[in-house]
Amino acid sequence: MSRKNIILCLWLTLLAAGSVCLYPEPDLFTGSALENFRKMVILENGRKKPLDTFAQNMLKQFSGKSRYGHEPAIQWLARVLFFPEKASRDRIFLIGHSEVLNSLGVAVTGERDRYSFAQLEKSLGRLKDLAFSASRLEGQDRSIVENEIILLYNKVYVYQELRRAFRFAVPEPDLSISNPELKQWLKLPEDREIFSFLELMKNIRELNRAKQSFRKNENTGGFPPGNEVLKILDSMENWLRLNRESTFTVIYRPENGKENWLSPWQCLNESFQSQATAPDEVFRINEFVNDFIRGRQQEFDQSVRRFNDGVMNRLKGKLTAGRVSLEVFYNKADPFYRAQFFYGFSLFLLLISFLILKKWFYRLSFFLLLSGLFLHLLGLVCRILIMQRPPATNLYETFIFSGWITVVIGVILEWFKKKNIGILTGSITGIVMLLIAGKYALEGDTMGMLVAVLDSNFWLSTHVITITVGFAGIVISGIIGHVYVFQKIWIRENPKKKNILKNTFQSVYATQAFGLIFTFLGTVLGGMWADQSWGRFWGWDPKENGALIVVLWSALLFHSRLSNWMGENGFSLGAIVGIISVALSWFGINLLGVGLHSYGFTSGIALALSVFIVVEFIFVFSMAVYIRKKGLL
Amino acid sequence: LLSPNPCGSDHNQNVKKNKTGSFIQLVASPKLTVICLSLLVIVVIWGTVYQVDHGLYQAQQKFFHSWFVFLFGFIPFPAIVLLFWILFFNVLASLLFRIPFRLANIGNIITHLGILIFFVGGFFTFYYSQESSLSLREGDSSRFSISGMSWELAVWEEGRGNRRIYAVDSDRFRPGDAVDFETLGLRIRIESYYRNCAAYSKTDAGDESAAINASGIHHLKVEKEAKEPSENMAGMLFSAEFTGGKNIPVLLYGGDRQETAIHPDGKNIFFSLRKKRFPLPFSLKLIDFRRQFYPGSEIARSYESEVELAVGNLHRNIIISMNKPLRYKDFTLYQSSYYIAPDGTEFTFLAVVRNAGRLLPYISSIIIFLGLCIHFLAMLFLNRKKARKNRPKP
């Protein structure tokens with residue numbers, strides 16, 4: 001490729017990637033009214049994250065998707081928080097078994113469908129009873145339906161908590177005062193009868209004093225009207241009982257130098273108990289809730305910004321605004337999702353190039369692969385900057401990262417060989433790895449905190465990265481192995497065939513060697529890490545054995561070739577089996593559910609894995625028989 | 001990119017048949033490597049799947065720390081130790097007799113040399129390393145660590161100045177075995193030894209035994225070994241024979257509440273069946289145990305034990321945390337677990353490993369990696385050179 005072409009390709013890549021990333025999204029309010037709301041910091045599972053990520057995690061948990069239709073998750077969350085009644089019609093609860101709905105008495109709309117809170121609302125009592133009885137059973141005694149009932153109950157519980165998270169700022173019918181004198185005494189507006197929890201909290205001391213004097217002089221009548229005061233306080237206590245465990249922790253109040261996050265309701269509960277004034281943050285939230293409800297976009301945006309600034313000032317470098325903004329950008333850009341499309345188009349155009357306008361479609365295809373690679377890299381860099389650690393801490397990340405490596409290997413192969421193999425294998429593995437990663441992304445926050453033993457940037461960046469690179473090499477080798485077998489069988493005999501096959505085989509061989517080196521290095525680095533943290537280099541733990549099998553299999557291939565027991569065909573078919581060894585090591589081992597490496601436990605993937613293995617074995621076996629029978633050796 | 005042509009075929013021909021016998025040819029053969037690697041793959045998969053039902057320890061004993069694994073209980077199948085020894089000689093013979101010493105082969109030679117050192121390190125660890133654990137309460141100190149799975153029979157006499165304890169490994173005791181403690185004038189003859197058993201008092205079992213036990217145990221019943229070896233509770237029945245001709249039957253149980261004492265001829269002889277103890281060349285005191293969680297969650301961020309290491313008069317404070325063990329000579333101590341009692345008392349559990357060959361895997365891994373890289377690059381370079389040479393000239 002000439003220098004001019006390279007520059008052109010790079011320029012087009014940047015342009016395409018940039019335009020895709022910065023493409024604006026529609027908002028609930030027009031313009032960027034939710035921009036600051038997205039950046040509001042919340043503590044969830046030990047990590048401080050923007051509300052935008054929290055919204056996506058919640059939606060993923062409920063519905064298995066990170067958007068609600070065409071709406072971004074934050075818009076859906078805003079509706080739940082500010083207009084819960086409207087939000088209750090959103091069909092977000094994914095229910096996989098109609099039996100669950102039958103047992104709740106809800107009309108079934110499909111075998112696997114999404115339902116709204118309004119549809120489930122009438123059956124909540126029944127759901128609670130069923131979930132409690134199911135949870136009394138031992139894990140292994142529960143059926144899938146019983147597990148799903150427990151899951152649904154948990155989802156609905158969390159959802160209800162979210163609905164009530166900001167209700168302290170909104171007038172509620174059970175917090176009504178009709179006596180005008182009492183309203184005057186409590187300095188409440190006289191033209192209303194219904195008040196918000198926070199409005200009443202402003203006068204908590206007066207209310208309590210009234211309660212005490214009423215208790216002392218019971219049945220004497222007079223002012224303030226004791227019965228009404230007691231009724232109000234009772235209602236307030238009910239609200240607190242219901243919400244004091246709220247996990248919507250957006251208020252940062254450090255305590256003795258320790259990080260401490262509270263939800264508005266927790267703050268209100270503390271103030272109620274100590275009869276103190278509620279903290280400023282609660283009033284700020286009250287402000288923006290009311291701005292939102294009244295449709296005052298600009299004011300809402302400013303109030304949220306003031307709230308965010310307050311939190312950031314108090315965090316003092318524990319989390320920077322830059323990192324929050326970056327995470328919001330990362331969420332919006334969704335680089336991995338978009339990279340998949342680039343890889344897909346790249347593959348599509350490559351196939352077209354076999355039919356017409358070979359040169360042009362080939363170039364376009366290569367350029368799209370590079371664009372995808374750039375976006376993929378952008379995503380990885382974002383993750384590194386946000387989490388301040390290497391991008392290989394969970395199964396999701398290992399697929400993202402190794403996907404990127406496979407595409408890089410594809411690009412390198414293409415750059416040097418220009419025989420389509422690089423684009424073909426790079427795009428296929430890129431798509432497949434990102435698709436698998438996408439499945440793992442649905443399990444919740446992909447940037448979870450690390451348990452103590454994994455919290456070591458040095459070992460994460462050496463062991464996990466190298467082994468992932470190694471696995472990527474073995475996978476690419478296996479994919480090229482497929483190409484070799486197809487070429488062997490389908491290309492008609494002609495003088496060029498030998499050369500084509502030789503070329504492809506060289507790629508199988510080189511990538512296998514590359515994979516072996518890095519898998520070996522990754523495995524022994526894993527041993528060293530284990531030696532550092534558990535006191536033994538090797539313990540025959542399933543995860544260790546998984547990596548060992550990949551190394552052994554790859555070494556076996558090279559030695560079989562050396563001993564003339566395997567020719568090019570055998571080696572290529574063996575490379576395909578190498579993918580199976582990687583797949584088993586990657587997630588098959590986690591399915592066994594034993595050993596110290598329990599951080600990557602996956603569920604529901606066993607079937608897909610088994611199908612994949614069976615199909616690959618059938619392919620390898622039938623191709624071996626076919627090649628031998630047709631005398632293509 | 002790389003030359004996929006099997007250079008081994010030339011090598012095979014290069015083996016100097018007149019100098020080396022067919023046996024060496026066989027041992028150095030890459031075919032033997034392929035067979036061993038295939039068997040290794042099978043054993044590793046088998047042993048991994050076996051762990052699901054039988055736990056890691058039993059799988060280790062059956063597949064990974066043994067010479068043979070028996071199919072259907074009687075058909076021997078080579079297990080890891082045997083395969084590793086064969087591979088060791090295979091690599092050694094390949095280096096000596098098969099792989100030609102050429103500059104182009106330097107990476108290959110280095111790799112196989114590294115693999116040899118790797119095996120040596122593995123054998124060293126397998127045959128000589130020692131694993132135990134140390135549990136400490138805040139404020140307590142200890143001079144020994146305790147094995148998680150091995151048991152010992154400890155015998156001592158009270159009332160003659162300093163107490164001198166004699167301890168014998170008991171894991172391999174067989175009925176009829178005898179152990180002499182000459183200074184005590186005592187011979188112990190084993191009647192039965194159970195690696196895992198349950199203990200019954202007189203009322204539980206019904207049948208009465210004449211054997212002495214201080215905890216009131218009269219009967220032991222053998223049980224299947226537990227998945228986790230630390231959960232096994234050993235037990236034994238033996239007769240203590242004194243030089244005077246007196247025989248006293250004794251029953252010991254791993255879970256005895258107190259040591260059993262007998263009093264022949266006015267002596268006070270004590271017996272205890274306990275987890276094997278390893279003396280440490282230092283004493284360790286737990287000053288403080290600390291743990292941290294991520295805010296608002298139950299996800300552990302870190303655990304650490306602040307300990308005081310004392311060797312003679314030298315005392316120093318050290319922090320042992322996850323990924324940061326304490327190393328002292330060939331001992332390494334790791335933070336492995338902790339317990340906080342309901343009254344708030346903190347306990348730390350440290351894993352203690354003694355392995356003189358600890359560095360060998362590190363050294364060999366680096367050598368193998370370097371060898372592989374050199375070989376990879378050399379092949380790349382040679383192949384490109386060859387390709388350039390073969391390119392038709394205009």
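Strands here are DSSP runs of type E, at least two residues each, numbered from the N terminus. The model is a predicted one, so what follows is a look at computed geometry.

Leaving aside residues up to four places away in sequence, Gln335(B) touches a list of residues from chain B, among them Phe289(B), Tyr303(B), Glu304(B), Ile320(B), Met322(B), Phe349(B) and Leu350(B). Ser533(A) is on that list too, which brings in the other chain.

That leads to the interface. In total, 54 residues of chain A are in contact with 62 residues of chain B. About 5000 Å² is buried between the two chains, and carbon and sulfur atoms give 72% of that area. On the chain A side, Ile517(A), Trp540(A) and Leu562(A) supply 14% of the area buried against chain B, more than any other three residues.

As for charged pairs, the count between chain A and chain B is 1 salt bridge. Asp531(A) and Arg358(B) form a salt bridge through their side chains, at 3.2 Å from N to O. Polar contacts across the interface of chain A and chain B come to 8 residue pairs, with both residues at pLDDT 80 or more. Looking at which elements of chain A are involved, helix 20 (395–417), helix 23 (495–533), helix 24 (542–562) and helix 25 (568–592) each give two or more residues to the side that touches chain B. Helix 23 of chain A has the largest share of that side, with 15 residues.

Two residues stand out for their backbone angles. Most residues other than glycine have a negative phi. Asn564(A) is not a glycine, yet has a positive phi of about 65 degrees. Asn564(A) sits in the loop between helix 24 and helix 25 of chain A, and is partly exposed at 47% relative accessibility. Over in the other chain, Lys329(B) is likewise not a glycine and has a positive phi of about 50 degrees. Lys329(B) belongs to the loop between strand 16 (326–328) and strand 17 (331–340) of chain B. With a relative accessible area of 68%, Lys329(B) is exposed, since the cut-off for that label is over 50%.

Finally, there is a nonpolar surface patch on chain B. Trp67(B), Phe68(B), Phe70(B), Val120(B), Phe124(B), Phe126(B), Tyr127(B) and Tyr128(B) make up this patch of about 790 Å². Strand 1 (68–71) and helix 5 (106–128) of chain B each supply at least two of the patch residues, and helix 5 has the largest share, at 5 residues. Val120(B) is one of the patch members and has its place in helix 5 of chain B. The relative accessible area of Val120(B) is 37%, so this residue counts as partly exposed. Patch residues need over 30% relative accessible area, which means Val120(B) clears that cut-off at 37%.

Conventions: Residues numbered from 1 in each chain as written. Chains lettered and ligands numbered in written order. Predicted model: local features only at pLDDT ≥ 70, side-chain atom pairs only at ≥ 80, totals over all residues. Heavy atoms only, no water. Patch = residues over 30% accessible without salt bridge, like charges linked within 9 Å, V, L, I, M, F, W, Y side chains within 5 Å. Areas by Shrake-Rupley, 256 points an atom, 1.4 Å probe, with all protein chains shown as cover. Salt bridge = Lys/Arg side-chain N within 4 Å of Asp/Glu carboxyl O. Helix = DSSP H or I, 4+ residues; strand = E, 2+ residues; numbered from the N terminus. Buried < 20%, exposed > 50% of the residue type's maximum accessible area, 1.4 Å probe, protein only. Contact = heavy atoms within 4.5 Å. Buried area = accessible area lost by both parts, 1.4 Å probe. Polar contact = N/O pair within 3.5 Å; in protein donor to acceptor, adjacent residues only side chain to side chain.
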